[in-house]
Amino acid sequence: MAGSSGYLDAASTEPPHPAARAALLDALDSAWADPARLYGTARGTRILLDRARARVAGVLGVRPDEVSFTSSGTQAVHLAVLGGLRARRRVGSHLVVSAVEHSSVLHAAELHERDGGEVTLVGVDRTGRVDPAEFAAALRPDTALAVLQSANHEVGTLQPLAEVGEHCRAARVPLCTDAAQSLGRAAVPAGWSLLAGSAHKWGGPPGVGVLAIRKGTRWRSPLPDDEREARRVPGFENVPGAVAAAAALEARQVDMAADAARLSALVDRIRAEVPRTVPDVEVVGDPVRRLPNLVTFSCLYVEGEALLTELDRLGFAVSSGSSCTADTLRPSHVLEAMGVITHGNVRVSLPRDVDAADVERFLSVLPRTVARLRSDLGVTSQ
């Protein structure tokens with residue numbers, strides 16, 4: 001894959017999958033017309049859009065009419081959360097979310113609070129995992145919606161979504177999940193009523209999200225009415241993007257088991273080797289119940305931004321801290337909620353076809369890079 005050597009930031013965005021690239025190029029020529037019109041070219045575009053919807057629905061295990069394409073994963077999250085809340089206003093205005101959700105969920109929760117709603121944050125343990133019993137205890141008769149991610153975007157911990165879903169079902173509260181990090185990398189979770197995903201996270205094109213709403217789940221758009229995407233998503237459909245997204249997701253699903261085994265072994269090596277070769281390091285996240293491709297560690301006495309800059313100079317693209325809000329330079333809310341070191345952290349997330357030699361090269365340069373930065377600060381490792 002040209003230009004991706006040293007790229008270890010797949011949690012931000014996965015390099016384009018060849019299946020997506022081929023499908024996108026073809027669809028740009030064959031699926032550019034308005035799928036809402038009735039003439040032949042438009043009907044052909046509509047057929048391709050519906051096929052893409054059916055392919056995504058097949059991976060998710062839902063009906064095609066339960067799937068809509070959005071303009072991004074963030075838009076899918078916002079529509080899921082705010083639409084779920086709006087549809088159940090008669091029940092109440094209480095929202096339950098985990099403390100380690102992506103900023104897109106937390107920003108939607110902040111908007112809900114500004115509009116008079118109430119939000120309960122459920123904490124996590126030191127691995128970043130919620131306790132299903134604690135989550136269940138937060139549900140109330142006036143709870144309109146609960147939100148729990150399928151896997152954490154910073155530390156890779158898988159959440160007990162099926163167990164939490166059982167509690168929500170018993171309480172008659174819809175459960176919304178942000179599955180952006182797990183789709184294409186891990187089995188589709190169970191227990192959700194609404195699901196949001198982002199195509200560029202699984203090797204599809206940017207600018208395409210997926211919103212799935214199971215039959216029987218009450219949902220009402222928080223936006224002005226628009227006839228597109230079954231009145232769930234406003235604006236002209238990005239049909240070539242949807243076609244490419246579906247192709248990439250299907251391809252990832254086919255190869256998922258083999259990819260997961262290979263990537264998980266490489267992550268295991270990083271989890272074992274970094275503490276052995278770099279003093280004063282804490283590897284965070286659940287060591288077992290985790291995404292196969294993601295590991296985060298924190299290096300004491302080193303600024304995360306300085307370490308990333310130096311690693312970039314050496315040819316490695318990795319992330320640090322709250323990657324979704326890195327421009328704010330605020331400590332990671334995820335790491336703070338876990339009660340682990342928020343300083344000097346590095347997130348390594350492996351793309352599906354990462355070269356094992358890149359991982360070995362990363363492991364070889366990391367110790368002396370950390371040592372040099374510590375030395376510049378006058379810190380000498382014991």
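When I speak of contact today, I mean heavy atoms within 4.5 Å, and helices (H or I, at least four residues) and strands (E, at least two) are DSSP runs, numbered from the N terminus. What we have here is a predicted model, in which local features need pLDDT of at least 70 and side-chain atom pairs count only at pLDDT 80 or more, while totals for chains, interfaces and linings use all residues. Residues are numbered from 1 along each chain as its sequence is written, and side-chain values use heavy atoms, with hydrogens and water left out.

Let me start with α6, where L161, V164, G165 and C168 are buried, that is, under 20% relative accessible area, as against exposed at over 50% and partly exposed in between, with a 1.4 Å probe and protein chains only. Viewed down the axis of α6, these buried residues fall within an arc of 105°, so they line one face of the helix; the arc is that of the directions from the helix axis to the C-beta atoms.

R172 is not a glycine, yet has a positive phi of about 60°, and R172 is exposed, with a relative accessible area of 69%.

A230, also not a glycine, has a positive phi of about 55°. A230 sits in the loop between β7 (209-213) and α7 (239-277), and is exposed at a relative accessible area of 61%.
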